[in-house]
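Subject: A structure for you to explore

Hi there,

Here is the structure I promised to pass on. Have a look at it first, and then read my notes below.

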Amino acid sequence: MQHLRNDEVRKIGVCGMAGVRKTSVAKLVNNKLLNGVNNFDILVWVTISRKCSVIELQKKIAEAMNVVVTEDKDETLKVGMLFEILSKNVVKMEPLPEADAWTLFSEKVGQNLMNSVDLLPIARSIIECCAGLLLVIVIVASSMRVENSLSI
């Protein structure tokens, strides 16, 4: 949000590995902007597939803004210039540090499992496999929450 308060910032890109919650952060910012007072004339949310080309992205943004895009090459080029993809401000979402990953895992998995001395080494191994990815940690820990003992 601090980037959005800077008058010099015109656009922001969010990047990072799958599972670091880029979409969650973008939705949170979008919803805050929709519900609050902001200095933006236009606020657009588009959803794209992973294999979306730059032209497809530009067309989706234009469509969301009710801009008519013709198949005329010159017109498409103008729209392309209007919706330049490269951002001047890039926010890189990083995986969680190990200590934070452990805390999140512990909260989500519950104290029943965390109090088991036999399960702690396995839990540490699981945290390592999750590689600090928030979404993975939440899903794995939540699915383990119902387990009360180690069954092999």
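Let's start with a record: an unreviewed UniProt entry annotates residues 122-141 as a "transmembrane region". Please keep in mind that the model you are looking at is predicted. In this model, the span of residues 122-141 is 85% helix and 0% strand, and its end C-alpha atoms lie 12 Å apart.

Next, helix 4 and its two partners.

Find helix 4, residues 98-109, and then helix 7, residues 134-144. Their axes are 8 Å apart, and the two helices pack at an angle of about 30 degrees. Angles under 35 degrees count as roughly parallel, so helix 4 is roughly parallel to helix 7. The crossing of these two is right-handed. On the helix 4 side, the contact is made by Ala 101, Leu 104, Phe 105, Lys 108 and Val 109. Helix 7 brings Leu 134, Ile 137, Val 138, Val 140, Ala 141, Ser 142 and Met 144. Sorted by class, the residues of this contact are 10 nonpolar, 1 polar and 1 charged.

Val 138 of helix 7 deserves a click of its own. Leaving aside residues up to four places away in sequence, Val 138 touches Arg 21, Leu 104 and Lys 108.

Now turn to helix 6, residues 120-130. Helix 4 packs against helix 6 at an angle of about 120 degrees, with the axes 10 Å apart. These two helices are therefore oblique to each other, and their crossing is right-handed. Here Glu 98, Ala 101, Trp 102 and Phe 105 of helix 4 meet Leu 120, Ala 123, Arg 124, Ile 126 and Ile 127 of helix 6. This contact has 7 nonpolar residues, 2 charged ones and no polar ones.

One last thing to look for: how many aromatic pairs does the structure hold? There is 1. The ring centres of Trp 102 and Phe 105 are 6.2 Å apart and the planes are at 25 degrees, so this pair is stacked. Both residues belong to helix 4, where they sit 3 residues apart, about one turn of the helix.

Happy exploring, and write back with any questions!

Best wishes

Conventions. Residues numbered from 1 in each chain as written. Predicted model: local features only at pLDDT ≥ 70, side-chain atom pairs only at ≥ 80, totals over all residues. Heavy atoms only, no water. Axes fitted to C-alpha atoms, helices over the stretch in contact; angles between N-to-C directions. Helix = DSSP H or I, 4+ residues; strand = E, 2+ residues; numbered from the N terminus. Parallel < 35°, antiparallel > 145°, perpendicular 65-115°, else oblique. Left-handed = near helix turned anticlockwise from the far one by under 90°. Contact = heavy atoms within 4.5 Å. Nonpolar A, V, L, I, M, F, W, Y, C, P; charged D, E, K, R; others polar. UniProt positions renumbered as here; feature names shortened; annotations may be inferred. Phe/Tyr/Trp six-rings, centres within 6.5 Å; stacked < 30°, edge-to-face > 60°.
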